[in-house]
Amino acid sequence: MKECLARVVDNSPLCDTMFQLTLRCDGLFEDGAEAGQFVNIAVNNPSLPLRRPISIYAIDRQKREIRLAVQAKGEGTLALLRSKKGDELSLLGALGNAFSWFVPNNAKRVFLVGGGVGVAPVRCAFDELSAKYDCSLFAGYRNVGLVYGLDGIEKERVFAVSDDGSFGEKALVTKPLGEQIEKNKPDVILACGPAPMLRAVSDLSEKHGIACAVSLEQRMGCGLGACLVCSCKVKAKTPEGYAYRRVCADGPIFDAREVIF
Amino acid sequence: MPKLGVEICGVKFKNPVIAASGTFGFGREFDALYDISVLGGISVKGLTLQKRLGNPPPRIAETKSGILNSVGLQNPGVDAFINEDLPWLKQKDLVVIANIAGSTVEDYVKMAEKLAPTAVDMLEMNISCPNVKESGVAFGVKPEKIFEVTKAVCGAARQPVIVKLSPNAADIAENARAAEEAGAQALSLINTLTGMVVDVYRKRPVLFNNFGGMSGAAVRPIALRMVYQAAHAVKIPVIGMGGITSGEDAAAFMLCGARAVMVGTQNFSDPMAMPKIVSELHRYLEKTGVVDVNDIVDALVMN
Ligand SMILES: Cc1cc2nc3c(=O)[nH]c(=O)nc-3n(C[C@H](O)[C@H](O)[C@H](O)COP(=O)(O)OP(=O)(O)OC[C@H]3O[C@@H](n4cnc5c(N)ncnc54)[C@H](O)[C@@H]3O)c2cc1C
Ligand SMILES: Cc1cc2nc3c(=O)[nH]c(=O)nc-3n(C[C@H](O)[C@H](O)[C@H](O)COP(=O)(O)O)c2cc1C
Ligand code: FES
């Protein structure tokens, strides 16, 4: 983990609301970067004091590049959208734990589940874990205009749906997930997406007795584990029955059974 | 080579740049980025007598050039700090300040007693945390209360006591004097300003706690004014903070009368901020032909 300068190699559209930043960043690779980890990126706007946490979408260790899939949302991500080839951005990373932390060595089949912006880290995990495990990617989008992250994957390994039926089946991602669990039960499920989706995936995994890890989001300050602003609620043997963990340093990936959604 | 060393209540700091409480944990996380021994000191995360879980998230919101937080003093408790974090911190070469917060005068006194036999160098009384309902505000804004709690802690403490003042006060000079009269050996200010950020689409405040404490560059002009007023109301040393982002910002506080400074929010914008501020302060002294940083303390010429 380091603070380092990254050079924008490319900035291009990914779907209606998202863009893809390709960053050359030698410093980041000194300590390595893995799927599931994120970077805290300074947005080159001095009136915005907070860095933005963004998951790693693709890793190219040869070229020392990473790609980020970013949704243009508020001022910070809009500033990133305006960055041009050759610009320098300060990154803090790679932060947090990786999906591989949760996958036991003897696992064979891994299901990766993403919803919307949350497809980014699980697509990265698909690319990184496929060499070792039999991986399938499940993705849910609001509509066809928001689809990204599926190119270059064999058809039989992708199960994509949309809320309005404009892309794939009109369904929630838990539908194809449930069907495939019945057919080919995986050893592990890894998921990232909106809270209701994570809850549904977590319930489904529990019902079938499958280990499940979820990647959580929370507003962050330091990104390092020092300021305690990025807390999420987990079950704990405290008098209160819960405790707070730091999404930036203890996560962002948690065992779904521990999380209080 | 300008000299950067300062001394407060007999405690020597290698430079006047100190990590502000709550933004730097107990130092371990930032030490993974750089050796924190380059800093003058650290004020650790606010400690309470018992462990505290803190407030539900979201605990942070952004505003132009500032942030608001409502952590609610999540911490492992003073005993856990003494046993698990202090030994590690003491291997480092910097002044260790224990920031303490309580909901009653007895809480503060008990913590001062527990810390008395330890290697902690100084105590900083957080009498002004706006994020804990029963604590802070009640003590932090009324001079009689400040006097009462400060006097009790100074009676129990072995280390020099710094009283951290809240900017959410009617008259900062009066509060500064109340702390001094009660026996405080130093003051620090400002803590955060109570504020709110609204999400107009959700029609809700961003912070779960609704209100939070504002910090960062946006509060600097208020902080400078208050540090100037406090420093000129008392004889004891003052540590200034609030929105410091550079060596020049640090110099501004020292010119207003601060003997040292603390840096908080800028650690989030730039995790390497404090080592940079130390070298920028050095450069400022060189540029202005000053040989000793103590010479800029209270050197402001008012119009
Ligand atoms: C671990 C992690 C990984 C993420 N990965 C991605 C990703 O790969 N692609 C992507 O597009 N987005 C990702 N996000 C969400 C992304 O951080 C926010 O969308 C972004 O910070 C919004 O900034 P803004 O300036 O556009 O919005 P604003 O609403 O103007 O931001 C205001 C403040 O709120 C914070 N904030 C707002 N929404 C979120 C959120 N959902 N999560 C955390 N902080 C938020 C911002 O960081 C900023 O501090 C991730 C979040 C986390 C915690
Ligand atoms: C996330 C966060 C947590 C804080 N926690 C504490 C605390 O526990 N005790 C305390 O005395 N001050 C606390 N503060 C206040 C800071 O120490 C400091 O007084 C304030 O942030 C102003 O300085 P800055 O503008 O450089 O951040 C906290 C500030 C932030 C941003
Ligand atoms: S963002 Fe500071 S602890 Fe997680």
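Colleague: Why is helix α3 (residues 119-129) of chain A called largely enclosed by the rest of the structure?

Modeller: Because 9 of its 11 residues are buried. Buried means under 20% relative accessible area, with over 50% being exposed and partly exposed in between (1.4 Å probe, protein chains only). Helices (H or I, at least four residues) and strands (E, at least two) are DSSP runs, numbered from the N terminus. This is a predicted model: local features need pLDDT of at least 70, side-chain atom pairs count only at pLDDT 80 or more, and totals for chains, interfaces and linings use all residues. Residues are numbered from 1 along each chain as its sequence is written, chains are lettered from A and ligands numbered from 1 in the order in which they are written, and side-chain values use heavy atoms, with hydrogens and water left out.

Colleague: Which residues of α3(A) are buried, and what do they pack against?

Modeller: The buried residues are A:Val119, A:Ala120, A:Pro121, A:Val122, A:Arg123, A:Cys124, A:Ala125, A:Phe126 and A:Leu129. They pack against β4, β5, β6, β8 (109-115), β9 (134-141) and β12 (188-192) of chain A. Contact means heavy atoms within 4.5 Å.

Colleague: How much area is buried between the two domains of chain A?

Modeller: About 1,300 Å², with carbon and sulfur atoms giving 61%. Buried area is the accessible area (1.4 Å probe) that two parts lose on being put together, summed over both.

Colleague: What makes A:Arg61 and A:Glu128 a salt bridge?

Modeller: The rule asks for a side-chain nitrogen of Lys or Arg within 4 Å of a carboxyl oxygen of Asp or Glu. The closest N and O atoms of A:Arg61 and A:Glu128 are 2.8 Å apart, so the pair meets the rule. Across the interface of domain 1 and domain 2 of chain A, the rule finds 1 salt bridge. It also finds 4 residue pairs in polar contact there (both at pLDDT 80 or more). A polar contact is a pair of N or O atoms within 3.5 Å; within protein, one must be able to donate a hydrogen and the other to accept it, and residues adjacent in sequence count only if both atoms are side-chain atoms.

Colleague: Why is A:Ser47 called buried?

Modeller: Its relative accessibility is 18%, so it falls under the cut-off. A:Ser47 lies in the loop between β3 (38-41) and β4 (52-55) of chain A. Leaving aside neighbours within four places in sequence, A:Ser47 is in contact with B:Thr63, B:Lys64 and B:Ser65.

Colleague: How many residues meet between chain B and chain A?

Modeller: 30 residues of chain B are in contact with 29 residues of chain A. About 2,600 Å² is buried between these chains, and carbon and sulfur atoms give 64% of it. On the chain B side, B:Leu53, B:Glu62 and B:Phe268 lose the most area to chain A, together 24% of what that side buries.

Colleague: How do you know that A:Arg52 and B:Glu62 form a salt bridge?

Modeller: Their side chains come to 2.7 Å, N to O, so they meet the rule. Across the interface of chain B and chain A there are 3 salt bridges. The polar contacts there come to 8 residue pairs (both at pLDDT 80 or more). The elements that give two or more residues to the side of chain B touching chain A are α1 (28-31), β5 (60-63), β6 (66-69) and α9 (266-269) of chain B. β5(B) gives the most to that side, with 3 residues.

Colleague: What makes B:Thr118 buried?

Modeller: Its relative accessible area is 12%, so B:Thr118 passes. It lies in the loop between α3 (105-115) and β8 (122-126) of chain B. A polar atom of the B:Thr118 side chain lies 2.7 Å from the backbone oxygen of B:Leu115. Not counting residues up to four places away in sequence, B:Thr118 touches B:Ile82, B:Leu86, B:Arg158 and B:Gln159.

Colleague: And why is B:Leu207 called buried?

Modeller: At 1% relative accessibility, B:Leu207 is under the limit, so the label holds. B:Leu207 lies in the loop between β13 (204-205) and β14 (211-215) of chain B. Beyond its neighbours within four places in sequence, B:Leu207 is in contact with residues including B:Pro58, B:Ile60 and B:Leu68.
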